[in-house]
Amino acid sequence: MPRVLARLRPSTEGSGATKIFKVGEDQISVQEDDSHPPRQIKFHHVFDSAASNEEVFAFVKGVLLGSLLRNKHDCTVFSYGETGSGKTYTMYHVIKAFVGHLLALNAAPKEEGYEDIIGVAVEVSCVEINMVAANRESILDLLNKKKELKLQFSQVEGAKAVKITTPAELEKNQETVRKLRTTKATAANSASSRSHCIYIAKISVEQASCSFSTTCHFVDLAGSERMAQSRRLSTRGNNAASAINPSLSNFSNIVRMIAVDKMKEGIPFRNSYLTRILQPCFKGEGELMALFCLNPGNPKESHSTLVFA
């Protein structure tokens, strides 16, 4: 069962602009209009607008490390939300903290809680990353000058792999990705992401009794806002939006089908590059975590995100 989390970014519209607020640690209340009582939506955890990136990672860390290093299962984390909701910002810091933590395990394996999370002594011998962008029409290698790539079943072929040995190396590559990722100016944001960014971390692990490798996909989805709301500011931008929206819709439909256990009905993974790449993540035994990011300054779009969540 996926773990479903929510994060509220600070409102920039003033306290009177938001009708979405946190209730406890696992609920969000939505006031759709003044004539109806607030609707309560449950999550596994909710991070309010005061939560730091460190708090988000502290929650995510135990789940990921336990699955990857103790259970030897792959993991997938995806962030979903409208442009400007903080999903790219959150994912950037989660990836940075996660890889940095893996690299630090060898130097300080006895930190508090280590034995409870992993259970056995391990050494992370290698962390290797690919970073690709996917939309409806193509897959691009963001570590190799946006070279167009091909898919063999669900495997990306020919993507440049970079071995990460220090947090500074990861940050350098993340900055490269930030500059190369396709963005378009919209009414929602001056640099709206028009592609899905997929960070693939391949982790090689040594134990006393065996060696194994696991993979973690971090998926920063394109903005979920509707075209009418975002109003692309150019024809080229509209083309990008029309390509990405069906891809995101297909992703959403697949999540809904899995949620109601329709795996036997023939889920259309092949309808987009994004879902073809992520097919093993949805069908395997690994950990799936969804982080829904909300902008209280835009209640209508945030409500759509909450309905999906």
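Cysteine 210 comes out as partly exposed, at 27% relative accessibility, while cysteine 126 is buried at 18%. For those labels, buried means under 20% relative accessible area, exposed means over 50%, and partly exposed is in between (1.4 Å probe, protein chains only). There are zero disulfides in the structure, a disulfide being a pair of cysteine sulfur atoms within 2.5 Å.

This is a predicted model, where local features need pLDDT of at least 70 and side-chain atom pairs count only at pLDDT 80 or more, though totals for chains, interfaces and linings use all residues. Residues are numbered from 1 along each chain as its sequence is written, and side-chain values use heavy atoms, with hydrogens and water left out.

**Nonpolar cores**

- The largest nonpolar core has 43 residues, and Leu64, Phe98, Leu102 and Phe218 have the most contacts inside it. (Such a core is a set of buried Ala, Val, Leu, Ile, Met, Phe, Trp, Tyr and Cys residues joined through side-chain atoms within 4.5 Å.)
- Helix H1 (residues 53-70) gives this core its largest share, eight residues. Helices (H or I, at least four residues) and strands (E, at least two) are DSSP runs, numbered from the N terminus.
- Leaving aside neighbours within four places in sequence, leucine 64 is in contact (heavy atoms within 4.5 Å) with Cys75, Val77, Phe98, Cys216 and Phe218.
- Another core, of 36 residues, lies apart from that one, and Leu151, Leu221, Leu274 and Leu288 are among its members.
- As background, nonpolar side chains tend to be buried together in soluble globular proteins.

**Salt bridges**

- You'll find five salt bridges here, each a side-chain nitrogen of Lys or Arg within 4 Å of a carboxyl oxygen of Asp or Glu.
- One of them pairs aspartate 220 with lysine 87 at 3.5 Å, N to O. It ties together distant parts of the chain, 133 residues apart: aspartate 220 sits in strand S16 (residues 211-220) and lysine 87 in helix H2 (residues 87-105).
- Both partners are buried: aspartate 220 has a relative accessible area of 2%, and lysine 87 has 4%.
- Lysine 96 and glutamate 171 meet at 3.4 Å, N to O. This pair also links distant parts of the chain, helix H2 and helix H4 (residues 167-180), 75 residues apart.
- Lysine 96 is partly exposed at 28%, and glutamate 171 is partly exposed at 33%.
- Glutamate 175 and arginine 178 form a salt bridge at 2.6 Å, N to O. They are three residues apart in helix H4, so about one helical turn separates them.
- Glutamate 175 is partly exposed at 28%, whereas arginine 178 counts as exposed at 53%.
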